[in-house]
Amino acid sequence: MTVIVVGAGIAGLTAAWHLLASGTPPTDITVLESSNRVGGKLALAEVAGSRLDVGAESMLAVRPEAPELVREVGLGDALTTPATTSASVWSRDRLWPLPTGTLMGVPADPEAVRGLLTDEEVDRLRDERPWPVELSGDVAVGEYLAARLGDAVVDRLVEPLLGGVYAAQARQLSMAASVPALHTAALRGESMLGAAQAAAAARAGTRAGAGAFCGIVGGLGRLPEQLQDSLRAAGVRIETGVTVRELARTQAGWRLTCGPVPSPSVHEATSVILAVPPPSAGRLLAGVAPAAAATMAGIEVASMAVITLAVDRRALDAAGHVLPGSGFLVPATDARTIKASTFSSNKWSWVGDLRDDVVFLRASVGRAGEVAPLQVSDEELVDVAVREVGQAVGFPLAPVVDSHVQRWGGGLPQYAVGHLERIAAVEAAIEGVPGLEVCGAAYRGVGIPAVIASARAAADRLQASRSSEERSVP
Ligand SMILES: Cc1cc2nc3c(=O)[nH]c(=O)nc-3n(C[C@H](O)[C@H](O)[C@H](O)COP(=O)(O)OP(=O)(O)OC[C@H]3O[C@@H](n4cnc5c(N)ncnc54)[C@H](O)[C@@H]3O)c2cc1C
């Protein structure tokens, strides 16, 4: 079997790694990546002389996939947990502690959100109302929760939390895909506050707070770099700067047309794994599985930017200014430009230890359907990040000794209502195409563990179909 993996984000690299690990007899694997580096949304960049994550920076550790992969590639010793997870919400001009014990913002105990929500808003939250009709399918999480618990908890808690993961508008986001525990309760007509209480009880005694997340000393960006090294050492070819433009069936398998139209290059393989974002998947599937292609092309993507700041630590210390906790979320309803800030030097000990004289933090800008805040220069993005983080913490961030702006055009796929059904149809269509698999953030979870799981499953399906083909050869 010769396999071409298209896309060298964490999905494509993991798929190749998993094929290699489970491939008997050995498989000939090539990874083709359009950009000039591997890793996709996992990326390191130099800020004030230090390498820091400018994309994803934290992984859920309550699922096993991320720590497992980190250990498999030999980075187990560098696994770390956040030094603090005490985050805030910058709401109505002040920072409020982000309540713990919520199920994606729905509190187990409404008292826990008093302050962040006004007394009237807490009363409305307690007065849980029924959804007007029996729910039989998917629904927008924000719309549903607002009807039952009031707008405030959605605007000031649920949406900022979901925005941090999906860059999404809660009132358009699939409940089934984004908060399945709430969706299951909703289908049964159960209380949302009750579902949050049940989730809190189930979590009791399991890893919570800092233990629920992990990172890598030196940055998550080390993971794809290490995967690339390990894959190459095992004989996998990884070619960057190669954009796959077209996928076509041949008698023996697949032909991939790559590179610029005037001087294309052609690759052939018996099997292909597409590990690319929805717009690329839509284009590549067009001639192969048209209905699946149309669905993938129809998945919206949200663009964003991560602004990393290096601030003079001595000036902050001299003024007695301390950044509080791990950072804060910003409700969209307050009409700020930034949607969140992470105080990286507080959150990760290894970042705090990088420089005695510098504090590192980052801010993110960009929500689904909002492009205007990103249509400005890098300097303006830095200015707005410095200004708004300063307003939130109540002191100026000065002097800024270095900054870095990373733009993520189409960074996160949006899981609209009905996403899981549409994805099931895509998967069924792909299943009917021998030697083709898809994986990545567009399908069943945007977080790194879910993406790793999707890549492993794609590799397993390919191996399984090969085994059954071999068995059927007389
Ligand atoms: C700013 C940001 C912060 C995030 N933070 C976190 C976090 O802290 N924790 C977390 O769990 N998740 C986080 N996520 C989500 C997570 O990082 C991503 O969902 C995940 O990394 C996506 O991996 P992927 O391999 O599916 O896609 P990608 O990383 O997008 O990789 C796809 C690759 O395919 C390549 N490609 C596209 N088209 C072609 C083509 N035609 N030919 C060849 N190559 C092609 C692209 O160049 C890219 O390298 C974050 C996402 C963003 C944008």
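This is a predicted model: local features need pLDDT of at least 70, side-chain atom pairs count only at pLDDT 80 or more; totals for chains, interfaces and linings use all residues.
For context, strand E17, residues 301-312, pairs with E21 in the antiparallel sense, and the pairing runs over 10 bridges.

Now zoom out to the sheet. We've got 7 strands in an open sheet, and if you walk across, the order goes E8, E7, E18, E19, E20, E17, E21. The pairing is mixed. At the edges you find E8, which is 94-97, and E21, which is 400-413. Each of those has a single partner strand, so one side of each is left without a neighbour in the sheet.

Right, on to the helices. I want to show you H7, residues 180-187, and H8, residues 192-203. They pack at an angle of about 135°, and their axes are 9 Å apart. That angle makes H7 oblique to H8. And the handedness? H7 passes H8 in a right-handed crossing.

So who's actually touching whom? From H7 you have Ala 181, Leu 182 and Ala 185, and from H8 it's Met 192, Gly 194, Ala 195 and Ala 199. Sort the residues of that H7 and H8 contact by class and you get 6 nonpolar, 1 polar and no charged ones.

Key: Residues are numbered from 1 along each chain as its sequence is written. Axes are lines fitted to C-alpha atoms, for helices over the stretch in contact, and angles run from 0 to 180 degrees between N-to-C directions. Helices (H or I, at least four residues) and strands (E, at least two) are DSSP runs, numbered from the N terminus. Angles under 35 degrees count as roughly parallel, over 145 as roughly antiparallel, 65 to 115 as roughly perpendicular and the rest as oblique. A crossing is left-handed if the near helix is turned anticlockwise from the far one by less than a right angle, and right-handed if clockwise. Two residues are in contact if their C-beta atoms, placed from the backbone, lie within 7 Å. Ala, Val, Leu, Ile, Met, Phe, Trp, Tyr, Cys and Pro count as nonpolar, Asp, Glu, Lys and Arg as charged, and the others, Gly among them, as polar. Two strands pair if DSSP finds at least two bridges between them.
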